[in-house]
Amino acid sequence: MYRVFFYALVGTIFVISKCCDATMESNNTAPVLFIFGDSTADVGTNSFLPKTKIIANVPFNGIDFPNSRATGRFSNGFNSADFLAKLMGHKRSPQPYLFLLKAGLRKKMFRGVNFASGGAGLLDVTGKDLKIVPMSKQVKQFKTVLSNLMVVKGRHEAKKIIRKSVFAISVGSNDIFGYFKNQSTVDPTVFIESLMVAYQCHIESLYHLGARKFGIIGIPPIGCCPSQRIHNTTGGCFEIENTFARAFHSSLDALLNKLSCELKGMKYSHGNSYEMTMNVINHAQQFSEYFAILVVFILIFVKVV
């Protein structure tokens, strides 16, 4: 499932990368990439959080990574952030913000930064006891990067760079996991709406800081994850969580459409990872890696304004 999720992510960013300015294309340079979200995109952030309970810098994570080393990625090798970065001309994902900060490599932040933190959600309460970096703090970290960029490049040039940058966001699953883990009594419709309010806040915050190009990834059928299937006596998918995932996608789709009408110059691509993943689950024998890559471009729901 993780591999399928990667296809959805790469397909989404591939589409939005086509929206990059002609100047960038003529210079043949990779666009600056800023990545936000959870463990699907974390490339080591949590390794720099001494109090967190969610880490991946231990075997057998990274067993297929160059030199078979664990790097803090919640993956056997490269993860979705790395693959989308490669697709856009980078060697791999930008380094984690906390790594660049600790190493004093602030100038490298101007090539892109990965803020994603395993366990993070849209809501600050999600993962709070895990001592991770929530979305709201990830946005604040980006604001610090922007301030540094303005000091080095000047305000005008910094804004120009940010306008051309791609902002990838992969988040939301952990909020729904938390809803069920805590046996919340909040009405499902109200809960999904609260996630959309939070998502809107994060997107608007980034927009007002200069972001214009967004690659947004929806939630896959999280009820089909092995950790959730155990809640189903038949061993099948935990369908109620999948219902939430579908509602999340529909609500996010409507939200992005609304925001693109309200926020001048905003461009986005919204990846329907739910439908992509379910197609592979339901028709597994029909899919090979290369065919899956082709199908994702067909299934991705794209809206560019």
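# Exercises on a predicted chain

At 68% relative accessibility, lysine 51 counts as exposed, since the class begins over 50%, with buried under 20% and partly exposed in between (1.4 Å probe, protein chains only). The model is predicted: local features need pLDDT of at least 70 and side-chain atom pairs pLDDT 80 or more, while totals for chains, interfaces and linings use all residues. Residues are numbered from 1 along each chain as its sequence is written, and side-chain values use heavy atoms, without hydrogens or water.

**Solution.** 
1. Lysine 51 is in the loop between β1 and α3 (80–87); helices (H or I, at least four residues) and strands (E, at least two) are DSSP runs, numbered from the N terminus.
2. With sequence neighbours up to four places away set aside, Leu130 and Lys131 are touched by lysine 51, a contact being heavy atoms within 4.5 Å.
3. Isoleucine 132 is 81 residues from lysine 51 along the chain, and their C-alpha atoms are 8.4 Å apart.

**Task.** Find what joins proline 59 and phenylalanine 60, and give the phi of asparagine 67.

**Solution.** 
1. The peptide bond between proline 59 and phenylalanine 60 is cis, with omega about 5 degrees.
2. Phenylalanine 60 has its place in the loop between β1 and α3, and asparagine 67 lies in that loop too.
3. Asparagine 67 is not a glycine, yet its phi is positive, near 70 degrees.
4. With a relative accessible area of 71%, asparagine 67 is exposed.
5. As background, most peptide bonds are trans and most residues other than glycine have a negative phi.

## Aromatic pairs

**Task.** How many aromatic pairs does a search of the whole structure find, and what geometry does the pair of phenylalanine 34 and phenylalanine 142 have?

**Solution.** 
1. The search returns 20 aromatic pairs; rings of Phe, Tyr and Trp (its six-membered ring) pair if their centres lie within 6.5 Å, and planes under 30 degrees apart count as stacked, over 60 as edge-to-face and the rest as tilted.
2. Phenylalanine 34 and phenylalanine 142 are 5.0 Å apart centre to centre, with 70 degrees between the planes, an edge-to-face pair.
3. Because phenylalanine 34 belongs to strand β1 (residues 33–37) and phenylalanine 142 to helix α5 (residues 135–153), the pair ties together parts 108 residues apart in sequence.
4. Both phenylalanine 34 and phenylalanine 142 are buried.

**Task.** Classify the pair of phenylalanine 167 and phenylalanine 214 as stacked, tilted or edge-to-face.

**Solution.** 
1. The ring centres of phenylalanine 167 and phenylalanine 214 are 6.0 Å apart and the planes meet at 40 degrees, so the pair is tilted.
2. Phenylalanine 167 is in strand β3 (residues 166–170) and phenylalanine 214 in strand β4 (residues 213–217), so parts 47 residues apart in sequence are tied together.
3. Phenylalanine 167 is buried at 0% relative accessibility, and phenylalanine 214 is buried with a relative accessible area of 0%.
4. Ring pairs join these residues in a cluster of Phe34, Phe36, Tyr97, Phe115, Phe142, Phe167 and Phe214.

## The largest pocket and α7

**Task.** Which helix gives the most residues to the lining of the largest pocket?

**Solution.** 
1. The lining has 42 residues, and Gly119, Ser173, Asn174, Asp175 and Phe177 lie nearest the pocket centre. A pocket is an open set of points on a 1 Å grid over the protein atoms alone, where a 1.4 Å probe fits, with protein on both sides within 12 Å along at least five of seven lines; lining residues have an atom within 4 Å of a point.
2. At least two lining residues each come from α1 (2–17), α7 (173–181) and α9 (226–229).
3. The helix that gives the most is α7, with 8 residues.

**Task.** Is phenylalanine 177 buried, partly exposed or exposed, and which residues of α7 are buried?

**Solution.** 
1. Phenylalanine 177 is part of helix α7 and, at 23% relative accessibility, counts as partly exposed.
2. Beyond its neighbours within four places in sequence, phenylalanine 177 contacts Ile222, Cys225, Gln228 and Glu241.
3. The buried residues in α7 include Ser173, Asn174, Asp175, Ile176 and Tyr179.
4. Packing of the buried residues of α7 is against α8 (188–208) and α10 (239–262).
5. After α7 comes glutamine 183, with a positive phi near 50 degrees; glutamine 183 lies in the loop between α7 and α8 and is exposed at 68% relative accessibility.
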